[in-house]
Amino acid sequence: MGKFNGHFYPGLYLFSFGIYQTMVVSKAMIFNDSLLYPPCHPKNKGRWTRLWKISFGGLVKMVTGSILTAYVVLCLDDGMVLMNKQMPPKFMYPKEWQHLTMFILLILTGCVDVMSKNLLPQRCVILEKGALVLAFYVLLLLSVSHTQMSAGVDLQVHSLLMLVVFLMILVLTAELWAPDMSHLWLIETFLFLTMGSWLMQAGFILYRPVTGYAWQDDDIRDIMFVTTFFCWHVMINASCLLGIYGFSSFWYCFGPSSKLRSKEAPHDVSTPEPLFKLVQDLEPPEKDD
């Protein structure tokens with residue numbers, strides 16, 4: 001699991017989730033809507049109301065975490081063995097067990113989302129945010145331990161990833177006190193994009209370099225260019241975030257959706273008053289001598 005697929009597919013999921021959340025946050029900021037309780041479209045009322053209220057984000061987390069967990073277990077020939085049968089016994093597959101822990105956390109956060117939105121009598125936003133920030137705290141601890149056996153280019157790649165995870169922890173912790181603040185959601189979305197794109201890039205750097213030659217740990221130029229590529233990812237993801245927001249603004253304000261929204265909004269039609277009535281209002285009343 002610690003090969004190309006173990007970095008590329010989780011990164012693809014995080015990047016896709018970041019793209020989706022970018023569109024959601026952009027729409028909420030344009031119309032000044034709530035991010036936690038988005039308004040339900042009139043067409044989604046009636047028999048589709050229950051379907052609209054299902055936590056699709058939680059279901060996607062559960063399904064994705066289950067697929068990745070099954071992949072970790074099945075990618076090993078002898079299965080997820082915790083210890084060997086030698087004397088004294090030694091732990092086996094430390095990185096695979098860490099990946100398995102990460103994906104189980106993803107499943108648990110999805111279960112918390114579904115339980116909060118669909119099973120509890122009232123939605124508990126603090127529970128959802130608390131489970132997510134706890135998952136990232138554990139992810140940071142596992143990432144620090146993950147780099148103990150790394151050096152050179154591998155260490156630099158994972159150190160930059162840990163920087164993004166640390167910033168995400170700060171943002172998610174702040175959201176515990178301000179869960180509906182759009183600025184925090186915007187930063188969180190940007191960090192999801194950066195984390196996903198950098199994980200995909202890490203798979204190519206460590207296991208499938210474009211040139212066909214492995215990066216050299218003893219060459220300082222390779223380590224420096226790892227940081228340069230990360231900065232490019234930061235700039236590209238920021239441009240992607242700005243581009244989606246700009247396109248959403250044009251689409252909702254000047255596109256076809258703006259016409260549909262204007263038809264749904266009520267209009268106050270006032271009938272003009274007759275001209276002689278306006279003239280009478282302007283003329284002062286005559287006083288009798």
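How many helices and how many strands does the secondary structure of the protein come to?

## Overall build

The model is predicted. Its secondary structure consists of ten helices and zero strands, and along the sequence the pattern reads α-α-α-α-α-α-α-α-α-α. Of the 289 residues in the protein, 38% are buried. Among contacts with a separation of 6 or more, 75% are between residues 24 or more positions apart.

The accessible surface of the protein is about 18500 Å², and carbon and sulfur atoms account for 68% of that area.

## Confidence

The average pLDDT of the protein is 79, and 79% of the residues score at least 70. Residues 264-280 have a pLDDT below 50, and this stretch has four contacts in the model beyond near neighbours in sequence.

## Helix α8

Helix α8 covers residues 220-254, which is 35 residues. At 1.5 Å a residue the helix should span 51 Å, and its end C-alpha atoms are 51 Å apart, so the two values agree.

The buried residues of α8 are D222, I223, V226, F230, H233, N237, L241, I244, S248 and S249. In an α-helix there are 3.6 residues a turn, so residues three or four places apart point the same way. The cover over the buried residues of α8 includes α1 (4-31), α6 (153-175) and α7 (182-206).

## Salt bridges

The protein has four salt bridges. Side chains of opposite charge can pair when their charged atoms come close. One of the four joins the side chains of K61 and D113, at 3.0 Å from N to O. This pair links distant parts of the chain, since K61 is in helix α3 (residues 56-74) and D113 is in helix α4, 52 residues apart. K61 counts as buried because its relative accessibility is 12%, under the 20% limit. D113, at 8%, counts as buried too.

Another salt bridge is formed by the side chains of E175 and K129, at 2.7 Å from N to O. E175 lies in helix α6 and K129 in helix α5, so the pair ties together parts 46 residues apart in sequence. Both E175 and K129 are buried. The side chains of D219 and R221 also meet in a salt bridge, at 3.3 Å from N to O. Here R221 counts as exposed, because its relative accessibility is 57%.

## A nonpolar surface patch

On the surface, M115, L119, L120 and L127 form a nonpolar patch with about 340 Å² of accessible area together. L120 sits in the loop between α4 (94-119) and α5 (125-146). With a relative accessibility of 33%, L120 counts as partly exposed.

How values were computed: Residues are numbered from 1 along each chain as its sequence is written. This is a predicted model: local features need pLDDT of at least 70, side-chain atom pairs count only at pLDDT 80 or more; totals for chains, interfaces and linings use all residues. Side-chain values use heavy atoms; hydrogens and water are left out. pLDDT is the predictor's confidence in each residue, from 0 to 100. Contact means heavy atoms within 4.5 Å. Patches are made of residues with over 30% relative accessible area and no salt bridge: like charges are joined within 9 Å, nonpolar side chains (Val, Leu, Ile, Met, Phe, Trp, Tyr) within 5 Å. Accessible areas come from the Shrake-Rupley method with a 1.4 Å probe; for residues, only the protein chains shown count as cover. Helices (H or I, at least four residues) and strands (E, at least two) are DSSP runs, numbered from the N terminus. Buried means under 20% relative accessible area, exposed over 50%, partly exposed in between (1.4 Å probe, protein chains only). The expected span of a helix is 1.5 Å times one less than its number of residues.
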